[in-house]
Amino acid sequence: MSYFSDIYKGIKTLLTGMSVTGKYFLTSRKGAITQQYPDNRDTLKMFDRFRGEVIMPHDENNEHRCTGCQKCEIACPNGTIEIIWDRGIDEVTGKKKKKIDQFVYHLSMCTMCGLCIDVCPTDAIEWGQNFENSVYDRSALTRVLNKPGSKLMPGVED
Amino acid sequence: METEVVHTNFKSEEYFINMGPQHPATHGVLRLLLTIDGEIIKKVEPDLGYIHRSIEKMCERDSYQQIVHLTDRMDYLSANINNEAVCLAVENALQLEIPERVKVIRTIIGELTRISSHCLWWGVMGMDVGALTTYFYGFRDREMINDIMEETCGARLTMNYNVPGGLMLDIHPNFVKRVKDFIVHFKTKLPEYDRLLTGNVIFQKRTVGVGILSKEDAISFGASGPVGRASGYSCDVRKHHPYSAIDKVTFNEVLKTEGDTYARYLVRIQEMWESLSIVEQLIDNIPEGEHRVTTNAVIKLPKGEYFQKVETARGELGVYIISTGTKSPYRLKFRSPGFSNLSLLNHIAVGGKIGDLVATMATLDLVIPDIDR
């Protein structure tokens, strides 16, 4: 007797599970959460805090906010950031002042921990939302963040 | 009387087989050396070290802020809880007063992390015993938590959201709304989990009575988390040593006494309900205030030894810091839950079949980077 009741119970549990999958089979269009990724690139917008890569924003006068204090370089756990700096003459005071020559960012070594951006006193660097970082040669992942010929925005002090 | 026929052409002997390091059921690069007689398991010997990154040694080099992001990479499914453990240890050592807001947000995010980890576990648990559909359903619900994390913390898996002294950023304005949406969504989905898998006759045949761990063994092997609680060992750190805002909420410690694979499964399903209720109790009462206490740029812990334990999705994570007063710890030891839970695998898998081993391992919920570090 228990043989047949076992079969009955077994089939019943299977059908209960099938009712769940069947529901989604019939309503799959409505509940689909997968994105058609390469096709939706134009409309795909990442969250504004998304950590894609470190970028250095420049304004219309090709000026950035990095004073070259190297706090980000010290905060970075992996040696991702390398600041090559120089001493230039400050135009206003005429004194010698530290300025960045190249802000080198090795994206290939970055773990996206966000400590550099957290520690930056002048908000010179921030997160970019670009995540499409596949390249043919890894040297393309080493970037100089300050644009050529750019200089420090006046009035930014650390 | 029949005489016993002794076969000389065939003989029975034990043999070795390798399970892993690249096996879909080991969930990572874990290699199991199985000694097998027919299909009966005689011995299971885990071989570790394939993903060892010497995180503990790297901690001796790094500053206390930098250590936090390494813990993301241990148990990556409960990254936020690992971060919290290190931050709590450092904050206790510095005797920092942490704002209530930070404590509540940390608890909410920790419980969301636990739900997301259990969702993933439920998906792969079903997949290990042959039900592929669960994988997609588990990941569907986990996706909502990942979106919450991505919007607030900036990353989906390795968040590094906690810093010694608080949180890196305040919560995103959409956070509360999204979490409430998730609670409503998940309350309709969790019963489906039960209907789809828990009651399923094939699943029950695979799990009930398999891999039994007694309470005494659970204690002596140092089992923690759902593995220990399924054997009746009350080991929830949140109950016994409350941290952050967990003492403000009421929740039940889920205990089962059977100690088999099915009991471990039920404990985790029940824990998702408990975590959901914790989030529900806290989400409307996030106090106003600072999200961060300013610390020195270079944190130097006073000379001494500090220990902090938290309950991750897998069990008890302990952080033991020995400081000599410099900017990095002299020694930092992680007591990871996965390592102790793996150590009892040989004990409970011997005598079973290979298929039972897969089901047993699925409910131990091993994360290999947590074991190897």
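# Exercises on a predicted two-chain model

Leu366(B) touches His27(B), Leu30(B), Gly338(B), Asn341(B), Leu342(B), Met361(B) and Ile371(B), leaving aside residues up to four places away in sequence. The model is predicted.

## Exercise 1: the nonpolar cores

Task: State how many residues the largest nonpolar core has, and which residues have the most contacts inside it.

Solution. 
1. The largest nonpolar core has 101 residues.
2. Those with the most contacts inside it are Ala85(B), Val86(B), Ala89(B), Ile108(B), Ile148(B), Leu345(B) and Leu366(B).
3. Helix H4 of chain B, residues 100–128, supplies the largest share of this core, with 12 residues.
4. Another core lies apart from it and has 19 residues, among them Ile100(A), Ala124(A), Ile125(A) and Leu145(A).

## Exercise 2: overall form of chain B

Task: Compare the radius of gyration of chain B with that of a compact globule of 373 residues.

Solution. 
1. For a compact globule with 373 residues, the radius of gyration would be near 21 Å.
2. Chain B has 22 Å, which agrees.
3. Along the principal axes, the C-alpha atoms of chain B fill a box of roughly 90 × 50 × 35 Å.
4. In chain B, 50% of the 373 residues count as buried.
5. Of the contacts in chain B with a separation of 6 or more, 70% are between residues 24 or more positions apart.
6. The secondary structure of chain B consists of 15 helices and eight strands.

## Exercise 3: an open sheet in chain B

Task: Give the strand order of the open sheet of three strands in chain B, and find which strands stand at its edges.

Solution. 
1. The order is S1-S2-S3 in chain B, with antiparallel pairing.
2. Strand S1 (15–19) and strand S3 (40–47) of chain B are the edge strands; each has a single partner strand, so one side of each is left without a neighbour in the sheet.
3. From one strand to the next, the twist averages 25°.
4. Strand S2 of chain B, residues 31–37, is joined to S3(B) by seven bridges, and the two run antiparallel.
5. In this pairing, Leu32(B) stands opposite Pro46(B) in S3(B).

## Exercise 4: a hairpin in chain B

Task: Describe how S6(B) and S7(B) pair and how many residues lie between them.

Solution. 
1. Strand S6 (residues 304–311) and strand S7 (residues 316–323) of chain B pair in the antiparallel sense, over eight bridges.
2. One pair can be named: Lys309(B) has Gly318(B) in S7(B) as its bridge partner.
3. The two strands form a hairpin with four residues between them.
4. In the turn, Gly315(B) has a positive phi of about 150°.

## Exercise 5: an open sheet in chain A

Task: Work out the order of the three strands in the open sheet of chain A.

Solution. 
1. The order is S3-S4-S6 in chain A, and the pairing is antiparallel.
2. Strand S3 (81–89) and strand S6 (142–144) of chain A stand at the edges with a single partner strand each, so one side of each has no neighbour in the sheet.
3. Neighbouring strands of this sheet are turned by 25° against each other on average, direction ignored.
4. Three bridges join strand S4 (residues 96–106) of chain A to S6(A), and these strands run antiparallel.
5. Val104(A) has Val144(A) in S6(A) as its bridge partner.

## Exercise 6: the contact between the chains

Task: State how many residues each chain gives to the contact, and which helix of chain B gives the most.

Solution. 
1. The contact takes 21 residues from chain B and 21 residues from chain A.
2. On the side of chain B that touches chain A, helix H2 (64–71), helix H5 (133–153) and helix H6 (175–198) of chain B each supply at least two residues.
3. H5(B) gives the most to this side, with five residues.
4. The residues of this side of chain B divide into five nonpolar, nine polar and seven charged.

Methods. Residues are numbered from 1 along each chain as its sequence is written. Chains are lettered from A and ligands numbered from 1 in the order in which they are written. This is a predicted model: local features need pLDDT of at least 70, side-chain atom pairs count only at pLDDT 80 or more; totals for chains, interfaces and linings use all residues. Two residues are in contact if their C-beta atoms, placed from the backbone, lie within 7 Å. Ala, Val, Leu, Ile, Met, Phe, Trp, Tyr, Cys and Pro count as nonpolar, Asp, Glu, Lys and Arg as charged, and the others, Gly among them, as polar. Two strands pair if DSSP finds at least two bridges between them. Axes are lines fitted to C-alpha atoms, for helices over the stretch in contact, and angles run from 0 to 180 degrees between N-to-C directions. The radius of gyration is taken over C-alpha atoms; the globule rule is 2.2 Å times the number of residues to the power 0.38. A residue is buried if 20 or more other C-beta atoms lie within 10 Å of its own, exposed if 12 or fewer, and partly exposed in between; C-beta atoms are placed from the backbone. A nonpolar core is a set of buried Ala, Val, Leu, Ile, Met, Phe, Trp, Tyr and Cys residues joined through C-beta atoms within 7 Å.
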